[in-house]
Amino acid sequence: MKWSGEHAVAAVLRVIAFSSLASLLLITIFIFKEGVPFLFSHGAAHFLLSSRWDPMAGEFGVLAMIVASLVVTFGAMVVGAPLGIAGAVFLNEFAPRWVARVLKPAIELLAGIPSVVFGFIGVMVLAPLIRNHLGGPGLSVLCASVILGVMILPTVMSISIDALASVPNSFREGALALGATRWQSVHMVVLKAARSGIVAAVVLGLGRAVGETMAVIMVAGNTVRIPISILDPVRTLTANIAIEMGHATGAHRDALFATGVVLFLIIMALNGIALGAMKRGAR
Amino acid sequence: MRVRRQLEQAVAVAALGGATLLAVVVLIFILVFVLSKGLRIVTLDFLFQAPRDMGRAGGIFPALVGSIILPLAAVCIALPAGVGTAVYLAEYTAEGRLTRLIRTGTDCLAGIPSILFGLFGFIFFVTVMGMGWSLLAGALTLAIMVLPTIIRTSEEAIRSVPRSYREVSYSLGATRWETVWKVVLPSALPGIVTGVMLSVGRCVGETAAVIFTAGVALRIPMSAFDSVRTLAVHFYILAREGISMENAYGTAAVLVLAVLLVNTVSYGLMHRFIARRER
């Protein structure tokens with residue numbers, strides 16, 4: 001009796017264990033099922049290479065949005081990665097113990113601030129600053145990059161700290177024994193040893209920036225156009241989906257799912273890079 | 001030579017310290033800005049009154065209720081699936097191709113952005129399953145979104161239970177499931193709760209996945225098929241549509257405090273858990 005119960009539990013657990021895999025498959029299937037037929041009927045090349053988006057006229061081209069997503073994400077990396085990595089190096093290698101003990105949890109808590117709040121700060125504080133001092137409409141590539149950069153900062157910093165902390169102390173001691181200063185031991189030995197973990201931290205941050213939606217809608221200005229300057233407003237792939245989903249029907253709705261397919265592929269490529277970097281680090 | 005190296009170190013440390021200071025100051029500024037502008041508006045009436053005129057006046061009570069019910073429902077759905085997966089991975093099977101596949105799937109799921117969860121939830125739960133914009137559709141979507149977090153933290157917690165606990169249990173004649181249920185899971189509970197709290201925090205702050213699945217109705221839901229609006233969605237709508245900046249600040253303050261509270265609890269739990277493990 002007991003024996004068969006045990007087997008039933010094991011069988012149930014085996015089924016449950018596939019829940020995440022099944023969810024992933026379901027998500028992939030449904031987004032592709034809605035989006036891919038449109039790519040075939042409308043022409044994938046036209047969809048990807050045209051930057052004219054005019055649902056009323058039946059024109060669906062997402063090039064400007066792909067460019068916008070990449071530019072804004074790159075901008076976020078330029079802002080967030082150096083600050084995040086520098087902060088991690090300082091806190092893990094140079095800061096007095098008590099400073100690290102106070103700031104590390106504080107930064108992890110700040111990672112939980114909802115993204116809409118970051119977007120709101122962008123609208124209320126940063127966009128007026130940009131408008132008044134640099135010109136343009138304020139809601140722009142620059143504004144979105146800075147806001148997303150700050151948003152991914154805690155993620156990049158706390159994962160980088162973990163990567164640095166996992167470098168054995170003997171590495172540092174060896175460098176110091178050879179007469180290196182602490183800074184030399186950090187940038188010649190420790191940073192090299194922690195490199196793959198830090199790369200993974202940055203790529204995870206990038207994934208968050210590419211996928212961010214509501215904060216970007218609030219600060220990027222949402223004009224469908226390839227940006228010429230960093231003060232131009234742009235619309236990202238994510239923003240395009242969220243802004244138009246509410247009122248889209250027919251081919252327009254399918255085009256939004258096709259936008260989702262493009263976003264999905266970009267994210268999976270980034271995930272692949274991050275997982276690869278982490279695996280190399282684990283070895 | 002020696003002086004130059006010392007100088008180089010001093011410059012580098014100063015630059016790193018400066019960057020750290022800048023990062024911390026910016027993050028603290030955001031917190032202080034929202035709380036200082038928002039907390040003036042937050043009164044008991046603001047918290048416990050129904051909104052009037054689309055949120056232009058009155059309070060945020062339905063959104064507050066939504067922000068409690070929806071994450072709890074999502075976690076209740078995700079918890080059995082997540083802990084079940086973790087138990088299977090840690091206790092019932094050896095590392096192999098299957099576990100690698102499950103782990104890779106979980107990692108990929110964790111990387112999917114919330115707008116795609118929203119898109120999926122909208123097409124699958126809201127449309128195909130016919131749930132409409134509802135508490136249930138929102139909770140199921142969020143449950144999938146937090147599943148990887150719960151699986152990872154639970155597995156970590158289960159693996160950190162000392163081997164001797166299991167050996168004692170087996171030596172007393174307990175079966176595998178009895179050991180898991182009566183010995184391993186109770187010992188792993190603080191770690192599992194940490195994962196739950198992290199998940200609740202993520203759901204409370206989520207907007208994109210909620211707005212397309214749970215909808216935006218500004219009422220207290222009476223059934224699982226009623227639409228529900230969370231604080232984050234309420235705040236987004238107030239700020240985005242310029243309905244009331246005053247109330248947007250107030251809502252933002254409540255939202256930020258709620259998320260910080262949830263995260264502080266989970267952080268504290270995690271550290272107590274780690275401390276116990278190392279003892």
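This is a guided tour of a predicted model, stop by stop.

Select chain A. It holds 13 helices and two strands. Along its principal axes, the C-alpha trace spans about 75 × 70 × 30 Å. Of its 283 residues, 52% count as buried. Now consider the contacts in chain A between residues at least 6 apart in sequence: 74% of them join residues at least 24 apart.

Colour chain A by confidence. The average pLDDT is 90, and 98% of the residues score at least 70. Among the elements of chain A, helix H4(A), residues 63-94, has the highest mean pLDDT, 94. The lowest mean, 84, belongs to helix H1(A), residues 2-16. Where pLDDT is low, the predicted coordinates should not be read in detail.

**Helix H10 of chain A**

Select residues 195-211 of chain A. This is helix H10(A), with 17 residues. At 1.5 Å a residue, H10(A) should span 24 Å. Check the end C-alpha atoms of H10(A): they are 24 Å apart, which agrees.

**Asn222 of chain A**

Move along to Asn222(A). It sits in the loop between helix H11 (214-220) and helix H12 (237-244) of chain A. Look at the backbone here. Phi of Asn222(A) is near 65°, a positive value in a residue other than glycine. Most residues other than glycine have a negative phi. Asn222(A) counts as partly exposed because it has 17 C-beta neighbours inside 10 Å, and a buried residue needs 20 or more.

**Where chain A meets chain B**

Show both chains. The contact takes 61 residues from chain A and 67 residues from chain B. Which helix gives the largest share of the side of chain A that touches chain B? Helix H2(A), residues 19-42, does, with ten residues. By class, that side of chain A divides into 43 nonpolar, twelve polar and six charged residues.

**H4(A) against H1(B)**

Stay at the two chains. Select H4(A) together with helix H1(B), residues 2-38. The axes of H4(A) and H1(B) come within 8 Å and cross at roughly 115°. The crossing of H4(A) and H1(B) is left-handed.

Now show the side chains in contact:

- From H4(A): Leu83(A), Ala86(A), Gly87(A), Val89(A), Phe90(A), Leu91(A) and Phe94(A).
- From H1(B): Val13(B), Leu16(B), Gly17(B), Ala19(B), Thr20(B), Leu22(B) and Ala23(B).

The residues of this contact divide into eleven nonpolar, three polar and no charged.

**H3 and H6 inside chain B**

Select helix H3(B), residues 61-92, and helix H6(B), residues 135-159. Their axes come within 6 Å and cross at roughly 40°. H3(B) passes H6(B) in a right-handed crossing. What classes of residue make up the contact of H3(B) with H6(B)? It has 25 nonpolar, four polar and three charged residues.

**Ser223 of chain B**

Last stop: Ser223(B). Its place is in the loop between helix H9 (208-211) and helix H10 (231-240) of chain B. Is Ser223(B) buried or exposed? With 8 C-beta neighbours inside 10 Å, Ser223(B) counts as exposed. The C-alpha atoms of Ser223(B) and Ser134(B) are separated by 8.8 Å, although the two residues are 89 apart along the chain.

Definitions and conventions
Residues numbered from 1 in each chain as written. Chains lettered and ligands numbered in written order. Predicted model: local features only at pLDDT ≥ 70, side-chain atom pairs only at ≥ 80, totals over all residues. Axes fitted to C-alpha atoms, helices over the stretch in contact; angles between N-to-C directions. Helix = DSSP H or I, 4+ residues; strand = E, 2+ residues; numbered from the N terminus. Left-handed = near helix turned anticlockwise from the far one by under 90°. Nonpolar A, V, L, I, M, F, W, Y, C, P; charged D, E, K, R; others polar. pLDDT = per-residue confidence, 0-100. Buried ≥ 20, exposed ≤ 12 C-beta atoms within 10 Å, placed from the backbone. Contact = placed C-beta atoms within 7 Å. Expected span 1.5 Å × (residues − 1).
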